[in-house]
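Thanks for coming, everyone. Please have the sequence and the model open on your screens.

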Amino acid sequence: MLSQPIQQSFKLPNGAEVIIETGKLARQADGAVTVRQGNCIILATVCANREPREGQSFFPLSVDYQEKFASAGRIPGSFFKREARLNDYEILTSRLIDRALRPLFPEDYLCDVQVLVTLVSSDKEVMPDALACLAASAALAVSDIPIKEIISEVRVARVNGQFIVNPYRSELEKADMDFTIAATEKNLMMVEGESKECSEEDLVEVLQIAHDAIRVQIAAQVALAAAKGVTAKRDYTKPASDETIKAKVYEFAKDKVYAISASASSKEQRTDAYKLLKDEVLASFGEEADALTKSLAKKYYEDLQWEVVRDMILDDRKRLDGRSLDQVRPLAMEIDPLPTPHGSALFTRGETQSLTTITLGTPLDELLVESAAVSVDSKFFLHYNFPPFSTGEVKMMRGQSRREVGHGNLAMRSLKQMMPGSEYPYTVRVVSDILESNGSSSMATVCAGSLALMDAGVPVPKHVSGVAMGLITRGDGKYAILTDILGDEDHLGDMDFKVTGTRDGICGVQMDIKVDGLSMEVMREALNQAKAGRLHILDAMYNTIDAHRAEVKPHAPRMVKLIIDKEYIGAVIGQGGKVIQEIQRETGATINIEEVGNTGEVSIFSAEKTSLDKAIEWVTGLTTPPEIGKDYDGVVKGVKEFGAFVEFLPKKEGLLHISEISWNRIETMDGIFNNGDKVRVKLIDIDAKTGKFKLSAKVLLPRPERTSNDRPERGDRPERTDRPGRPERPERRDH
């Protein structure tokens, strides 16, 4: 007999009910729940191996979020008609879940864990990504897999000045702040989002609102686990440890690690020195040391590095490269380093470097962003590439990693805040190639992207810069906030966060918080220090280029937008697209037509002025009604004995009668015109009944003046002999 499903529910601040259920679906998984709001239903499952793999030294957690197209009553558009590789939206949602869940597991838990979150029913108004992490956490809560705490995740948006928790999709479209926050009962864990230049205080307020909402969701998960009877978590095999080996490593290497950390100025010097010291540590155990001893020695040596560098920063206020805590590394910037792209910039900050290019395209180049519920076209997108040579490594190139997708998305969301609106006709692609990396290449991408956009002539009103920050804390109350962290400092901190923005506010945030009990005062201090670093970089960017170019570069596509009556859209497109294809083929221009209300917007693109002008003239001719009295450049399309048919506008022909060709009398059309001849004509009449056009060429020619030589002199009339004479008129009588 099947057991009855167990449910718990809670209400969002907007009154919407969310129901969490377990015990009905996927019952062989270690934990499985569904989360429902409206018609949106998410299934989350979690499974974990009982034992770690032999030699496992890290925590192997995998998280995959996928949207089934059947959830929205759709069939995938791929060739195979089935869901395949996760798209970028699914990868980004998977990352949001992963970053929130990972810190929940014990540090000595090394068993494989797989979390699968699937959208099985879609609601056009409910954003599923706001519920996905709640579902994943609830699946862990009802399982016996060991976790330290329960979490949840919400989205907070500001719409018309009001903060909304988990806004509907239609509300989100009008938001000027959009942040996703994950937290435990006591601590914030993860923040990511974007805004249209919000203040630091606005962000702090969002975090407080989110945390209050998350506590309600955590309480529902606790109640669900209790209702299911989950009272204890499973035991697990802990990795081997040996305090004797640890003590020996610390005694042998602690001072040496400090000396390297305090003196080596470059990443390469530190890497080489640390590696040499590690070899010495292993050699100190002798050649007879077994594999386990060497493995533990390596682990304790890495732990020692982590502790020594943190203590050096906290106690000596000294960083690995000698900078002060709030100091940004040396900056170097260059615009237009590449001659062919439509815009380019090279941005270098310390040992991190981004070469970024801009390509201006037509509306036909828009990116289709597809999810189960909606599919939209994006006119602005950014691709971020992180090749292995940027860190001096050799790796297989197997497409973009999740990290690349995530870092590129942060840069894209930040720059998007300054992009022109829908009236801007170009599709803009930004590509950041990281050539060197030692600390936050995503922030280098933001800076290089802003410079390149201005170089390309994209009308962005302000520069956007970004800086990566770190926070290190200790139990005795000491803490240090680091500006522009190095790669070696990235994994040391208790909070790693990136903040982007203009001089007037924040545009993007990505934050991972690992410390317990982080106060809002420390958060405010960290955000204000990030602002100072951001402004320092912005000053250097404005010194490089202070405004966007007035025009696009000569080799970039030119664009003209024509507004036409809706009734003429068909005339431009033609039956089966024949007319628009002919225009593009003959002129070399690219044409895009969109219906907007009662009008049509015709966007014409071409890199050559002559091509652009020719296409403009063609489209204008198709969409402009002929006017009596107006002059036109025509082309002879046919010659008859009574005149010529002339095309004076595209697809519009009129008769140029033989009598309207010249002021002089023309007896025959022989030799007057050939098909294809050009002739300037005036439209002199439109037949009211038939709509036929009457043209004239002679009215555009000077009319010859009459002279005495034009006709014979008048003399005596010759006597008429070819008809009988008239009888004499009788005399007139007076009455």
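Some ground rules. This is a predicted model, so local features need pLDDT of at least 70, side-chain atom pairs count only at pLDDT 80 or more, and totals for chains, interfaces and linings use all residues. Residues are numbered from 1 along each chain as its sequence is written, and side-chain values use heavy atoms, with hydrogens and water left out.

Start with the sheet. Five strands make an open sheet, in the order E11-E12-E13-E17-E16, with mixed pairing. Strands here are DSSP runs of E, at least two residues; helices are runs of H or I, at least four; both are numbered from the N terminus. Two strands pair if DSSP finds at least two bridges between them.

Which strands stand at the edges? They are E11, residues 331-335, and E16, residues 380-385. Each has a single partner strand, so one side of each is left without a neighbour in the sheet. On average, neighbouring strands of this sheet are turned by 15° against each other, direction ignored. Axes are lines fitted to C-alpha atoms, for helices over the stretch in contact, and angles run from 0 to 180 degrees between N-to-C directions.

Helix H9, residues 441-455, packs on this sheet. H9 touches E11, E12, E13, E16 and strand E17, which spans 427-436. Contact means heavy atoms within 4.5 Å. The direction of H9 makes about 145° with that of E12.

Now look at E12, residues 343-349, and E13, residues 352-361. They run antiparallel and are joined by seven bridges. Leucine 346 stands opposite leucine 355 in E13.

Buried or exposed? Phenylalanine 381 is buried, at 11% relative accessible area. Buried is under 20%, exposed is over 50%, and partly exposed is in between, with a 1.4 Å probe and protein chains only. What does phenylalanine 381 touch, leaving aside neighbours within four places in sequence? The contacts are Asp365, Leu367, Met412, Thr427, Val428, Arg429 and Val430.

On to salt bridges. The structure holds 49 of them. The criterion is a side-chain nitrogen of Lys or Arg within 4 Å of a carboxyl oxygen of Asp or Glu.

Pair one is aspartate 504 with lysine 462, closest N and O atoms 2.7 Å apart. Aspartate 504 lies in the loop between E20 and E21, and lysine 462 in the loop between H9 and E18, so the pair ties together parts that are 42 residues apart in sequence. Aspartate 504 is exposed, at 52%. Lysine 462 is partly exposed, at 23%.

Pair two is lysine 566 with glutamate 595, at 3.0 Å between the closest N and O atoms. Lysine 566 sits in the loop between strand E22 and helix H12, glutamate 595 in strand E23, 29 residues apart. Lysine 566 is partly exposed, at 38%. Glutamate 595 is exposed, at 53%.

Lysine 637 is in strand E25 and glutamate 647 in strand E26, ten residues apart. Both are partly exposed: lysine 637 at 43%, glutamate 647 at 21%.

Last item, a network. Salt bridges link Asp129, Arg155, Asp178, Glu194, Arg413 and Lys416.
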